[in-house]
Amino acid sequence: MKWMWDPKYETMDREELEQIQLERLQSTLHHAYRHVPFYQSLFDKSGIGPGDINSLQELREVPFTTKGDLLRGFPYDFFAVPLAKVARIHTSSGTTGRPIVVGYTRRDLQHWGHLNARVLMAGELGERDVLQVSFNYGLFTGGFGFHAGAELIGVTVIPASAMGISRQISVMINFKTTALVSLPSHALRIGHCLREMGVEPKDTSLRVGFFGAEPWSEAIRHQIEDHLSIRALDNYGLAEVGGPGVAFECQYRNGLHINEDHFYPEVINPTTGEALGPGEEGELVLTTLTKEAFPMVRFRTGDLTSLEYKPCECGGTLVRMARVKGRVDDMLIIRGINLFPSQIEDILLSFEVGPNYLIRLYREEGLDQMEVQVESPVAGGERAPLASRIMKEFLDRLGLDITVKLLEPGTIEVSKGKQRAVVDEREI
Ligand code: DLL
């Protein structure tokens, strides 16, 4: 168990673990009921009291919490402690005017650090490592989350944050970075740039990378490993339940170990809401077991996966989730930023364009790109200035560089059924 941060919990036998989960679940349900009016009315309406849940299976009787519920609770309705007890605030990486605002008490932050230490330790990180954290340090959970885990382990941390690729590379080479935390697409881009610069990957000190926050595939893993000459590990998390540190791969890369002593996972049929068994693919639903400031009960993540309860070859007994296969809703993830097509539509509506539009997603040298094609009646000469105004609005409101292509009215094919406004050419 040399490469486990919390071997006691990571290798606990299932019966003992389930007992801990049940105790923590009961306390979370009472806490949420007592302090979050949403949960009080959710329970009251369904005729179940938090004290009625006497087994993990009985949790299935409690209704789900959705992203929509959280958005309606903006900013603090879901906080279960007074603001005076909230030590930190982060948000989901969504680009809506109203992101989901999440809070952490001091104890939540301590737990969060330990959960991220588990992620990093599984990649065999130790005191001699130099870890470059290339996630944004800000409201996004990625930077601070990993930073805390790295400090607990005692590695040397470089809080590179979201600098441009060439600066990331010069830091990586000059400071002799051995491990990288970033988006997989960012790592791929770094790899391409190293090639262009004629730097042989083996000439850097890099040996391992921890990638997550957006969907990626085995094909991308191979490219990253090849271009950077490292071992690439997947990790999963979401702001609503605390950020990174929910699930992570060990060296065997046989699914992502879910930190079940802190999060209770279920997989459901996304259409009927019915519980699915091990190995069956559906939507992941998470309940937090230790969160004080922002407890979540049966949160529908929108992420598609399946669960495997057999212990892992590494000796870990935590349930493993399959690599996230995609999303149930139409949320798009572009360079780690979550976005719904309706947000694009809202912005387009304020200009002289439409109504037909098409969002095209593709990759260029590993980096996600987005193009919006939209019909517009304006004359030829006015097109370029209009396109630049729309691009500027996208950048201001969504924080994303999006190319805008204006087309003659009637050129975008309108489907008879449900309009498919997104063409995703990225291979995940
Ligand atoms: O992306 C938290 C995070 C930061 C995870 C750093 C890992 C590393 P949000 O911005 O709330 O939080 O976005 C969460 O991103 O519901 C998934 O759809 C997607 N996602 C996160 N990790 C993975 C992954 C952070 N490994 C949303 N594979 C989630 C596929 C992922 N999708």
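Helices are DSSP runs of at least four residues, numbered from the N terminus. By this convention, T28 belongs to helix α2, which covers residues 14-35. The structure described here is a predicted model.

**The ligand and its shell**

The ligand sits in the largest cavity. Two elements give two or more residues to the shell around the ligand, namely α6 (141-153) and β7 (231-238). Of the elements, β7 gives the most, with five residues. In total, 23 residues surround the ligand, and the closest are S93, D234, N235, A239 and D303. Sorted by class, this shell holds eleven nonpolar, seven polar and five charged residues.

| Residue and part | Ligand atom | Distance |
|---|---|---|
| S93, side-chain N or O atom | oxygen | 2.7 Å |
| A239, backbone N or O atom | oxygen | 2.9 Å |
| A213, backbone N or O atom | nitrogen | 3.0 Å |

Taken on its own, the ligand has 610 Å² of accessible area, and the protein covers 99% of it.

**Residues in strand β19**

Strand β19 comprises residues 367-375, and Q373 has its place there. Is Q373 buried or exposed? Q373 counts as buried because its relative accessible area is 15%, and the cut-off for a buried residue is under 20%. The side chain of Q373 also makes a polar contact of 2.7 Å with the side chain of E371.

L367 is likewise found in strand β19. With a relative accessible area of 17%, L367 falls under the 20% cut-off and is therefore buried.

**A residue in helix α2**

T28, in helix α2, has a relative accessible area of 3%, so this residue is buried as well. Which separation in space goes with the 260 residues that lie between T28 and T288 in sequence terms? Their C-alpha atoms are 7.5 Å apart, although the two residues are 260 residues apart in sequence.

Key. Residues numbered from 1 in each chain as written. Predicted model: local features only at pLDDT ≥ 70, side-chain atom pairs only at ≥ 80, totals over all residues. Heavy atoms only, no water. Near = heavy atom within 4 Å. Polar contact = N/O pair within 3.5 Å; in protein donor to acceptor, adjacent residues only side chain to side chain. Areas by Shrake-Rupley, 256 points an atom, 1.4 Å probe, with all protein chains shown as cover. 1 Å grid on protein atoms, 1.4 Å probe; cavity = no way out; pocket = protein on both sides within 12 Å on 5 of 7 lines; lining within 4 Å. Sits in = over half its atoms within 2 Å of the grid points. Nonpolar A, V, L, I, M, F, W, Y, C, P; charged D, E, K, R; others polar. Buried < 20%, exposed > 50% of the residue type's maximum accessible area, 1.4 Å probe, protein only.
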